[in-house]
Amino acid sequence: MRTLVTMLTLLVFCTLAVPVFAQKTKVMVMEIKNEIDPRMTRYVDLALNHATTTEADIVIIEMDTYGGVLTDAKDIVDKIMSFKKPTWVFINADAASAGALISIACDSIYMAPGASIGAATVVDGSGDRAPDKYQSYMRSIMRSTAEENNRNPTIAEGMVDEQVVLDSVKKVGQVITFSTSEAIRYGYCEGKVESIEEILKKNKIAEYEIDRFELSSTERIISFFLNPFISGILILAILGGIYFEMQTPGIGFAGLAALVALILYLVPYYLNGLAQNWEIIAFFAGLALIAVEIFVLPGFGVAGISGIILVIGSLVLIMINNEAFDFEFVRMNDVLSALAAAMAGLFGAMVLFFVGGSRLPDTRYFKKIALTTTQDSAQGYTSNFITNVLSGKRGTAQTVLRPSGKVEIDGLLYDAYTRGEFLDKGTSVEVINVTGSSLLVKRLMENA
């Protein structure tokens, strides 16, 4: 009886214990270690979607950033706060400006020794303090985000506004930037840690499975084409392809190359939120104006110049993270990089026009797909319509006329025909009439 009870006890224990020991906490780790911009917004969106798909129990953000674009930071905050599972952040170096806002949006904040959080004053593209309307907007976001996660909202405001006064925390004229120990003291950090594993240990999570999110091969390719240098090459291919397609219409390979380059240029920027619809429309409007100038209007005037400006301008604007033509928060380096890429592409295309345009007809491949020979008059060819001055002229049949063929008159070859009689090659003939591009001839009699 005792043995049976023991066996039943062990069976019940094993039944209850197996799920406990088998179940591991799924932890997905993502990184915010670059500038906060549309590319980072897309990365966070993809990462959170991955966490949902893999049914992660906890998401940990490993952060080291000096901030970035305010609107993109707000988008990331909204995504994090609407995520259903716990979101923690591990600041292993810096969480400044937009990075501080994103950190406050997380459920828990952990910081490495020597890390910092704060300094969220909004600055413009040149690094100067932005106007008060932007500071006010940032203060309100910081305050509401801190309140949502039960943190002191006045401290959050103090990270933005130097006029905020907090006893024993900050004086007027300073913005708050907390070290790790200060953040712990004022409730803006749950603990000092040196690794993600230590965070899990602090939360008494012994059995866990870490899944580090990485971009797919497709997303890496998209990121590759966002490089300004690659963008410059694509601009060269777009402009060069359009030019050569207009020079040799109907061939197709130049137009196809331009189309592929355009897709590779637009799609990455569009997916990352940089290419706006109006910028794409401006590009195609520019192409339409250039086409009108070439095929409809004589010369090269307003339409052509406007088209070129629209095409180049839209390609530059697509690379710049502007909001409806507002460049206040666009860094000067980004503007210069975009302009350099566009100008390099344009200059390269111009070199291609002058050098390649003169050599292209002589290439073996071009001769295979395009007609490059001419019917020179020195070889006996004439224009389609012949004047009546040839009437009465005499010549020789260069082919058999049955009843049509070729005749030679004054060293030139002409299409000719008789009224029905057949003439052998070498027969002397006389022109009796001219009809369009052919001569009506008759046999020249011996006594003529």
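1. A nonpolar core is a set of buried Ala, Val, Leu, Ile, Met, Phe, Trp, Tyr and Cys residues joined through side-chain atoms within 4.5 Å. The model discussed here is predicted. Its largest nonpolar core has 54 residues. Those with the most contacts inside this core are Met 30, Ile 117, Met 142, Met 159 and Tyr 188.

2. With neighbours within four places in sequence left aside, Met 159 is in contact with Ile 117, Met 142 and Tyr 188, among others. The list of its contacts also includes Ala 100, Ile 104, Val 175, Ile 176 and Phe 178. Gly 118, Ala 119, Ala 120 and Thr 121 are among them too.

3. Phe 178 lies in strand 6. Phe 178 counts as buried because its relative accessible area is 3%, and buried means under 20%. In sequence Phe 178 and Met 159 are 19 residues apart, and their C-alpha atoms are 9.1 Å apart in space. Beyond its neighbours within four places in sequence, Phe 178 is in contact with Met 159, Ile 117 and Tyr 188, as well as others including Met 111, Ile 155, Val 169 and Tyr 186. Ala 115, Ser 116 and Ala 183 are also among the contacts of Phe 178.

4. Asp 161 belongs to the loop between helix 6 (153–158) and strand 6 (177–179). Is Asp 161 buried or exposed? Its relative accessible area is 12%, so Asp 161 is buried. When neighbours within four places in sequence are left aside, its contacts are Arg 139, Lys 170, Gln 174 and Val 175. Val 175 is also among the contacts of Met 159.

5. Strand 2 (58–65) is mostly covered, with seven of its eight residues buried. Strand 1 (residues 25–32) runs parallel to strand 2 and is joined to it by six bridges. Within this pairing, Glu 31 stands opposite Glu 62 of strand 2, and Met 28 has Val 59 of strand 2 as its bridge partner. Strand 2 is also joined by six bridges to strand 3 (residues 87–96), again in parallel. Here Met 63 stands opposite Ile 91 of strand 3.

6. Strand 1, helix 2 and strand 2 form a right-handed β-α-β unit. Strand 2, helix 3 (residues 70–82) and strand 3 form a right-handed β-α-β unit as well. Strand 1 also pairs with strand 8, in the parallel sense and over five bridges. The bridge partner of Val 29 in strand 8 is Arg 212. Strands of a sheet pair through backbone hydrogen bonds, either parallel or antiparallel.

7. One of the pairings joins strand 11 (residues 412–417) and strand 13 (residues 438–443), which are parallel over three bridges. Tyr 417 stands opposite Leu 440 of strand 13.

8. Most residues other than glycine have a negative phi. Glu 55, however, has a positive phi, near 55°. Glu 55 sits in the loop between helix 2 (38–53) and strand 2 (58–65), and with a relative accessible area of 56% it is exposed. Lys 204 also has a positive phi near 55°. Lys 204 is placed in the loop between helix 8 (196–202) and strand 8 (208–212). Lys 204 is exposed, because its relative accessible area is 76% and exposed means over 50%.

9. How many disulfides does the structure hold? The count is zero. A disulfide is a covalent bond between the sulfur atoms of two cysteines. Cys 106 is buried, with a relative accessible area of 0%. Cys 189 counts as buried too, at 5% relative accessibility.

Note on methods:
Residues numbered from 1 in each chain as written. Predicted model: local features only at pLDDT ≥ 70, side-chain atom pairs only at ≥ 80, totals over all residues. Heavy atoms only, no water. Buried < 20%, exposed > 50% of the residue type's maximum accessible area, 1.4 Å probe, protein only. Contact = heavy atoms within 4.5 Å. Helix = DSSP H or I, 4+ residues; strand = E, 2+ residues; numbered from the N terminus. Pairing = 2+ DSSP bridges. Disulfide = S-S within 2.5 Å. Right-handed = clockwise from strand over helix to strand, strands pointing away.
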